[in-house]
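Please look over the sequence and the model below.

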Amino acid sequence: LGAPPVEHSIEPRPVRFNITDATPRHWFGNDPFRTQFFNALFTTFPPGENFVARSVVHFRDQIKDPTLLKQINAFAGQEGTHASSHQDHLDILTRQGYTSLERENKYIIDPFLKLANKVAPKFSLALTVALEHFTALLAHQAIDRADLFRHPAHADFQPLMEWHAAEEIEHKAVAFDVFQQVSGSKWLLRRAMLQSTLFFTLDTSKGLIHMLKRDGLLWN
């Protein structure tokens with residue numbers, strides 16, 4: 001995806017969005033399938049964003065470059081805001097009846113990811129590099145193809161998608177730069193890319209199936 005320009009900076013931004021219980025249930029083009037696809041993807045973000053922040057911050061004491069240290073702090077700040085913003089959306093989905101998503105995040109996914117940060121920090125960092133690669137690819141598409149990503153979204157969701165995409169592009173190199181300094185193992189990155197690909201596919205598909213089933217639309 002290329003390195004950022006020399007004048008590039010990463011800035012955590014305190015933001016709030018107008019996604020509420022009054023926002024249309026099928027907010028993406030009034031299409032239940034595409035809406036629930038994005039809902040399923042977004043519900044993985046609260047534990048996922050916290051995981052990637054922890055995995056990078058874990059190695060902060062080993063980094064001597066003051067510019068990269070500043071970027072690590074900004075990266076963690078941005079990811080923390082991403083997690084809380086998508087948690088606000090997940091809270092609405094929970095009130096709409098998709099309660100198992102919140103329980104799974106709280107009692108299964110987040111505890112597992114916290115354990116991974118502790119027992120396998122370098123592999124967790126490699127997973128973060130892979131996940132950040134995926135989210136940067138998605139973010140570039142979201143910016144470049146507004147007709148596919150932003151225009152069909154309800155006005156309440158468009159700012160969230162634009163802001164998240166922009167910040168993912170802004171900090172896309174941080175985890176990789178940290179990984180190169182503390183490990184640099186190509187084998188570890190390949191393994192992480194394989195596992196993160198499976199996670200992205202299986203977890204999003206599972207959430208999509210759950211929500212369509214809850215809506216009574218699974219076989220529609």
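## Spaces, cores and rings

The second largest cavity holds about 70 Å³ of space. The model is a predicted one. Lining this cavity are I19, T20, T23, P24, R25, W27, N39, H89, I92, L93, Q96 and F157. Helix α3 (residues 66–95) gives the largest share of that lining, three residues. Sorted by class, the lining of the second largest cavity has six nonpolar, five polar and one charged residues.

How many cavities of 30 Å³ or more does a search of the whole structure find? The search finds two. The largest cavity has a volume of about 90 Å³, and A40, T43, T44, L101, E104, N105, I109, D203, K206 and G207 line it. Two or more residues of this lining come from each of α1 (32–43), α4 (99–119) and α8 (186–214). With four residues, α4 provides the largest share of the lining of the largest cavity. By class, three residues of that lining are nonpolar, four are polar and three are charged.

| Space | Volume | Lining by class |
|---|---|---|
| Largest pocket | about 510 Å³ | 17 nonpolar, five polar, two charged |
| Second largest pocket | about 340 Å³ | 14 nonpolar, six polar, one charged |

The nonpolar cores are the next topic. The largest nonpolar core has 47 residues, and W27, F42, V56, V174 and V178 touch the most other members. The elements α1, α2 (45–57), α3, α4, α5 (121–144), α6 (158–170), α7 (174–182) and α8 each give two or more residues to this core. Its largest share, ten residues, comes from α5. Leaving out residues up to four places away in sequence, F42 touches W27, H86, H89, F157 and M161. Another core, of eight residues, lies apart from the largest one, and its members include A40, L90, L93 and L212.

The last topic is the aromatic rings. The count of aromatic pairs comes to eleven. One of them joins F17 and W163, a tilted pair with 5.1 Å from centre to centre and 50° between the planes. F17 is in the segment before α1 and W163 is in helix α6, so this pair ties together parts that are 146 residues apart in sequence. Is F17 buried or partly exposed? F17 has 24% relative accessibility and so counts as partly exposed. W163, at 10% relative accessibility, counts as buried.

F28 and F38 also form a tilted pair, with 4.6 Å from centre to centre and 35° between the planes. Because F28 lies in the segment before α1 and F38 in helix α1, the pair ties together parts that are ten residues apart in sequence. F28 and F38 are both buried. Ring pairs also link W27, F28, F37, F38, F42, F45, F149 and F157 into a cluster.

Conventions. Residues are numbered from 1 along each chain as its sequence is written. This is a predicted model: local features need pLDDT of at least 70, side-chain atom pairs count only at pLDDT 80 or more; totals for chains, interfaces and linings use all residues. Side-chain values use heavy atoms; hydrogens and water are left out. On a 1 Å grid over the protein atoms alone, a cavity is a set of points where a 1.4 Å probe fits but cannot get out, and a pocket is an open set with protein on both sides within 12 Å along at least five of seven lines; lining residues have an atom within 4 Å of a point. Grid points are joined across faces, edges and corners, and a volume is the space filled by probe spheres set on the points. Ala, Val, Leu, Ile, Met, Phe, Trp, Tyr, Cys and Pro count as nonpolar, Asp, Glu, Lys and Arg as charged, and the others, Gly among them, as polar. A nonpolar core is a set of buried Ala, Val, Leu, Ile, Met, Phe, Trp, Tyr and Cys residues joined through side-chain atoms within 4.5 Å. Buried means under 20% relative accessible area, exposed over 50%, partly exposed in between (1.4 Å probe, protein chains only). Contact means heavy atoms within 4.5 Å. Rings of Phe, Tyr and Trp (its six-membered ring) pair if their centres lie within 6.5 Å; planes under 30 degrees apart count as stacked, over 60 as edge-to-face and the rest as tilted.
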